Amino acid sequence: MKQVLVLGAGQLARMMALAGAPLNINVIAYDVITADVVHPLTQQRQSLSLIEAIAAVDVITAEFEHIPHAILTLCAASGKFKPHPDAIKAGGDRRIEKTLLNNAKVANAPHHIINTRADLDTAIAAIGLPMVLKSALGGYDGKGQWRLKTNDQIESVWTEMAHCIAASDNQAIVAEKFISFDREVSLIGVRNANGDIKTYALSENVHTDGVLSLSTAIVGDITLQQQAQQMFAAIAEQLNYIGVLALEFFEVNGQLLVNEIAPRVHNSGHWTQQGAETCQFENHLRAVCDLPLGGTELIRPSAMINILGQDSLPLAVLALESCHVHWYGKEQRAGRKMGHINVCAATPEQLQYQLMLLGQILPQQYFPTLPR
Ligand code: AMP
C-alpha cells in the first residue's frame, strides 16, 4: 500500500483517491485553507498534523497551484514532493509561466508585466489594444482579469488594477495581446521520472462566464494533436516534470498558442474517467508513485459537462445510455463546481445526439452549452 498526501482537499484530490484505491494507493489530503489533514472523500479530519502527514506518506503531490510557498518548501524538503515545486510555482504565477513558455520556445500571446501606471503605457505601446490584463498571482476561472479595448477605459481599468496590485504582496499584472481565437482546446498528458510521456486526445473547451462548461474529446485531428504534443513535450521537459500536466491553448487558423499551464489534473480531462484507457487521476498517481504509466488512448467519443451550482439532477440523466454522474460531495453554492457528467457514445455523431438528449432534460439556465 502506497500513501500519498495531496495538497488541496477538493474534488481533484477526491477523484485521485477514488482512482488510487484499486492500485492500493491510499490518498489523504491537506486542506490548505483550514490547515487540516482530511479524508478526501468524507472531509473528516485526520488525527495528523501536516508535519506528521509529510513523515507518514511515500509521496506528496498537489491538486492546485495556489499553494503558499512556505508549505511547498516544507513538503519539498522531505524529498517526496512531485512534480518539482518550480512547476507548481510556474502554474501559480503568470510571470514565471510566461518565462517558462518562452524558454520552452512554445507560441504564446505577447505580454508585458505591469507594476506601475507607466508600465501600462509601455504595455499599450508594445502590445496595442485590445488587450487582456491578468493578475500575476491568484487568478483562476477568469477572476482577476480585465479587458482593455479603448483608450477611454485606461484610467478606470488602471484604478482597479492598482487596487489589485496593492492588495497583496508580490502582485503584478500581466498584459497580454487579445487573441481572436477560433476555439479553446487543452491537452492533458503525463510524464514519469524516466521521461516517458503519454498524452490524451485534445479537448475542445467551451466556457461560460469564464468557467469551463463543456469539454469534448477531439477525434481524428492528427495535425493539431501532434502540434499540441510537441508543445507538451517541450514544456514538460523544460520542467523535468513528473505527473499529469495540462496545457490550455487558443487555436487560431489551425495554429496553437499556449494560454496557460496547470501543473495538475485538470477539469477538461475529466472525460478520461469514462473515455480513456486510464483516467488522468490514475495516471497522475502512477507517475508520482513511480509506477508504469497507463494507456491514454481514447476508447470512445466522450464529453464532460460541468454541474455548476446544482446539487441534484433529474433521474432521467442516469437513465440515459453512457451517461455517468460524478458528484463532489460539496455544499451547494451558486456557480460552484458541484460535479460533472461524462457522456460517451460509439461515434461523434451519436455523442452529439446524446448531448442533445441531455439538453432536453437539463435546464438551459444552468447548462447553457448543451446543444438543444
Ligand atoms: P485564463 O484565466 O488565462 O484561462 O483566461 C480565462 C479566459 O479568458 C480564457 O479561457 C479565454 O477565454 C479568455 N482569455 C484569456 N487570455 C486571453 C487573450 N490573451 N485573448 C483573448 N482571450 C483571452
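Guide: A polar contact is a pair of N or O atoms within 3.5 Å; within protein, one atom must be able to donate a hydrogen and the other to accept it, and residues adjacent in sequence count only if both atoms are side-chain atoms. The structure above is a predicted model, in which local features need pLDDT of at least 70 and side-chain atom pairs count only at pLDDT 80 or more, while totals for chains, interfaces and linings use all residues. Residues are numbered from 1 along each chain as its sequence is written, and side-chain values use heavy atoms, with hydrogens and water left out.

Visitor: What makes the pair E176 and K134 a polar contact?

Guide: The side chains of E176 and K134 are joined at 3.2 Å, and because the limit is 3.5 Å, that value qualifies. The side chain of E176 also has a polar contact with that of K98, at 3.4 Å.

Visitor: Why is E176 called buried?

Guide: Buried means under 20% relative accessible area, exposed means over 50%, and partly exposed lies in between (1.4 Å probe, protein chains only). E176 has a relative accessible area of 5%, so it counts as buried. This residue lies in strand β8, a strand being a DSSP run of E with at least two residues, whereas a helix is a run of H or I with at least four, both numbered from the N terminus.

Visitor: How do you know which residues surround the ligand?

Guide: A residue is near a molecule if one of its heavy atoms lies within 4 Å of it. There are 16 residues around the ligand, and the closest are K134, Q145, E176, I179 and E184. The shell divides into five nonpolar, three polar and eight charged residues. Strands β6 (131-135), β7 (145-148), β8 (173-177), β13 (243-252) and β14 (255-262) each supply at least two residues of that shell.

Visitor: Why is D209 called exposed?

Guide: At 76% relative accessibility, D209 lies above the limit for that word, so it counts as exposed. D209 sits in the loop between β11 (203-208) and β12 (211-217).

Visitor: What makes the backbone of D209 stand out?

Guide: Its phi is near 50 degrees, a positive value in a residue other than glycine. Most residues other than glycine have a negative phi, and most peptide bonds are trans. D209 takes this angle in the hairpin of β11 and β12, which has two residues between the strands.

Visitor: How do you know that β11 and β12 pair, and in what sense do they run?

Guide: Two strands pair if DSSP finds at least two bridges between them. Six bridges join β11 to β12, and the two run antiparallel; E204 stands opposite T216 in β12. Strand β15 (residues 302-308) also runs antiparallel to β12, joined by three bridges, and the partner of L214 there is I305.

Visitor: Why is β12 called largely enclosed?

Guide: Seven of the seven residues of β12 are buried, so the rest of the structure largely encloses this strand.

Visitor: Why is Q43 called partly exposed?

Guide: The relative accessibility of Q43 is 38%, which means that it falls in the range between buried and exposed. Q43 lies in the loop between β3 (36-38) and α2 (50-56), and its phi is positive, near 65 degrees.

Visitor: What makes the peptide bond from K82 to P83 cis?

Guide: Omega of that bond is near 0 degrees, and P83 is placed in the loop between α3 (69-76) and α4 (85-92). The bond from L129 to P130 is likewise cis, with omega near 0 degrees, and P130 is found in the loop between α6 (117-127) and β6.

How values were computed: Nonpolar A, V, L, I, M, F, W, Y, C, P; charged D, E, K, R; others polar.
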